[in-house]
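Hi,

Here is the structure I promised to pass on.

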Amino acid sequence: MGERRARTSGRWRSAGSALLRVVTVWAVSTVTLLALAGLLPDFQLQSEDGESLTRTALTAAWCAGAFGLLGALVWPLIVRALLLVPALVLGLLVFFLNGSLLLVALWLIPDGRGAAAPEIAVVVAAVMSAVASATSTALAVRDDEAYRRRLYRLADRKRPRIATEGPETVPGTVFLQLDGVGHRVLRDAVADGLMPTVADWLATTHRLTPWRTDWSSQTGASQLGILHGSNEDVPAFRWYEKDTGRLMVTNRPASAVELQRRAVERTGDGGLLTLDGASRGNLFSGGADQLALVLSMAARRGRRNRSRSGYFAYFSDPANAVRTAGSFVAEAVRETGQSIRARLRRQSPRVSRGGLYPFIRAFATVVERDVVVAAVMGDMLAGRTAVYADLVAYDEVAHHSGPHGHDTDQVLRRLDRSLALIAKVAEHAPRPYRIVLLSDHGQSPGETFESAYGLTLRDLVRAGCGLPVPRRVRRTRWGHPRTESGGGSEARDAARDALRSALHRPVDEEGEDGAGAAAVAAARAPEPVVLASGNLGLVSFPGVPHRMTREDIDRLHPALLRTLAHHPGIGFLLVASEEHGSVLLARDGAEVPLAELADDGPLAVFGPGAADAVRRTDGFPHVADIMVNSMYDPATGTVHAFEEQIGSHGGLGGEQGHPFLLWPHDLSAPVPDGAALVGAERVHRVLRRWLRESAGPQVPLEISPPKRRAEAFLPVEDPAVPDKNG
């Protein structure tokens, strides 16, 4: 009887507290409306004849109440209806939709005493939503139960499903991936005071270590290995598959779902998150049942596929939507200002940042961040066992602004605030949580290949194949001032001669018949497919069904390999060989059979593990006919991206291959002291061990499932929808 009375009393106190908050928010909103009516000439709450202050206040209260009810009842339905609208457009529509709700609220006022111009209604609605949200949050923060309820509502989660009673609650684990943040960048950010939350973790509860990526240092390869335990046969960010005629791009939905299917088939395991897991903002699901903004889910069609459902959970709160939309606009304006400043200061290197890029950046740094953080908070409050989330803000900005500088410093500060918020919410979770911070790769700075040498990799390949090239290529310079060095003139002369030969300029007449035969053969061959993945290039010849050898290429295009290998912007080539199996080619005539390859000679500047990384990729079924890695200058840490990026990743060279892993002290060390943590697949095994240590066993679902069964581990049931051009 006593317990029943206590529960009844608690319910009444909770109801009274909720009612007090509603009345307070209503009152504050009413005062805000009165203030705005006095400040804005095209917004009125009384008739033209004028009315008493009391009547005007009642009108404001009516409007505030109607606007609040519409926001609570109608707004979620609007957002759900707009899930088919691209998220970029949805962010811009938020203001206008909210303004429309205010106009409806004014229309509902008796006697039509309220009126506002449409553009003023947008401003008033934004201010009203922000004030109501701030007031509600301020009142709820002092009430832990109310604060938890608000977070549950924002994240669209139910009450915890785990029992909190007993001698000890099993901890959950949250893996937060800071996309593109290298080990050095994180250490410098902590030292410079940009990330106080991470600094506090390092000083009290966490340890930091670097790890080394595979040759393909990009999110597709790293995250597939981390979440699914295998990134076999992922040679780059994009590659051409001769057997299927398909262009694979790891950030395309259909490619992502196919890569996940292959990984599941190889490992016989659904992934890291198969037991009560959640995947947020990732390329792959990791076998999780709870998904939001997961790319491999977006390629499928079926009742379980709500690829934008994560947006609904966040934007269903109008105040939340207005706050994020406002930040979205501010970020787009900030990017425009930073781009103009870079041009006025003639910063170098620099790439184009116009067109839609300001909005793309704003989506990555604001919308994606806010939605993913809210989803993670909801997962923690729901007591999920394992959560893996990717925050892509830094990676997006660093590509266009460079990995070091004022622009990326601002992004790191905001990411740190997101980490602090997640850590704060963990205090309200029904179970303790261990937060593991990691990255998938770093970024290496440097001028683009085209900016440095006046031609693209595709231009260079076409020239080497004797195919038509733009006029500017014929005037290209071979020695950029910042890449010239003594002792390299012979190599540059050889490269220049090779290019002139490819362009059919006058050369030595000797061997004219052989050159003519090669030119005829080249003219009949299909054009090569040239793809860029950061500072890693791939050249494939689609007309040849098998992987071409060096001897095949020399017979078909005698100048090509020499043109590429001797170019000062290229570090080395990997090509198959009839004589040696495979061979690495570099400047100054360097040729090293892969069986004899070591971390010295042509690969010395690329650091430890480069030879093993190249050897592993050489064994992939879909490795390109020619793998091209750009030069790397260890003195400056720079590479040359084969695409428009001044902060790049995808190949070997510099910070791009050195991400980090930051973990709590109470988990075992990733590797023994003095050992190196190498490869995304090894990181997967470490994370899996930590889940077992947290008493959350992750066991393989089935050993080597049949190909048809492998799709059962994918997010949705029906076949994947092909991407365009692949």
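Is the crossing of H14 and H15 left-handed or right-handed? It is left-handed, meaning that the near helix is turned anticlockwise from the far one by less than a right angle (clockwise would be right-handed).

Before the rest, some housekeeping. This is a predicted model, where local features need pLDDT of at least 70 and side-chain atom pairs count only at pLDDT 80 or more, while totals for chains, interfaces and linings use all residues. Residues are numbered from 1 along each chain as its sequence is written, and side-chain values use heavy atoms, with hydrogens and water left out. Helices (H or I, at least four residues) and strands (E, at least two) are DSSP runs, numbered from the N terminus.

Back to the helices. The axes of H14 (residues 357–381) and H15 (residues 393–401) come within 8 Å and cross at roughly 150 degrees; axes here are lines fitted to C-alpha atoms, for helices over the stretch in contact, and angles run from 0 to 180 degrees between N-to-C directions. That makes H14 roughly antiparallel to H15 (over 145 degrees; under 35 is roughly parallel, 65 to 115 roughly perpendicular, and the rest oblique). On the H14 side, Tyr357, Ile360, Arg361, Ala364 and Thr365 meet Ala393, Glu396, Val397, His400 and Ser401 of H15, contact being heavy atoms within 4.5 Å. These residues split into 5 nonpolar, 3 polar and 2 charged (Ala, Val, Leu, Ile, Met, Phe, Trp, Tyr, Cys and Pro are nonpolar, Asp, Glu, Lys and Arg charged, and the others, Gly among them, polar).

H15 also packs against H16 (residues 406–426), at an angle of about 175 degrees and with the axes 9 Å apart, so H15 and H16 are roughly antiparallel as well. Ala393, Tyr394, Val397, Ala398 and Ser401 in H15 meet Asp407, Thr408, Val411, Leu412 and Leu415 in H16. That contact has 7 nonpolar, 2 polar and 1 charged residue.

Now the sheets. Within it, E10 (residues 433–438) and E21 (residues 660–664) pair in the antiparallel sense over 2 bridges, and Leu438 stands opposite Leu661 in E21.

Another open sheet has 6 strands, ordered E12-E13-E17-E14-E15-E16, with antiparallel pairing. E12 (529–533) and E16 (591–593) are the edge strands, and the twist averages 20 degrees from one strand to the next. Helix H18 (residues 457–464) packs on this sheet, touching E12, E13, E14 (570–577) and E17, and its direction makes about 150 degrees with that of E12.

The structure holds 32 salt bridges (a side-chain nitrogen of Lys or Arg within 4 Å of a carboxyl oxygen of Asp or Glu). One of them joins Arg184 and Glu655, with the closest N and O atoms 3.0 Å apart. Arg184 is in H7 (residues 183–191) and Glu655 in the loop between E20 (647–648) and E21, 471 residues apart.

Finally, two backbone details. The peptide bond from Ser348 to Pro349 is cis, with omega near 0 degrees, and Asp233 has a positive phi, near 65 degrees.

Cheers

Methods:
Pairing = 2+ DSSP bridges.
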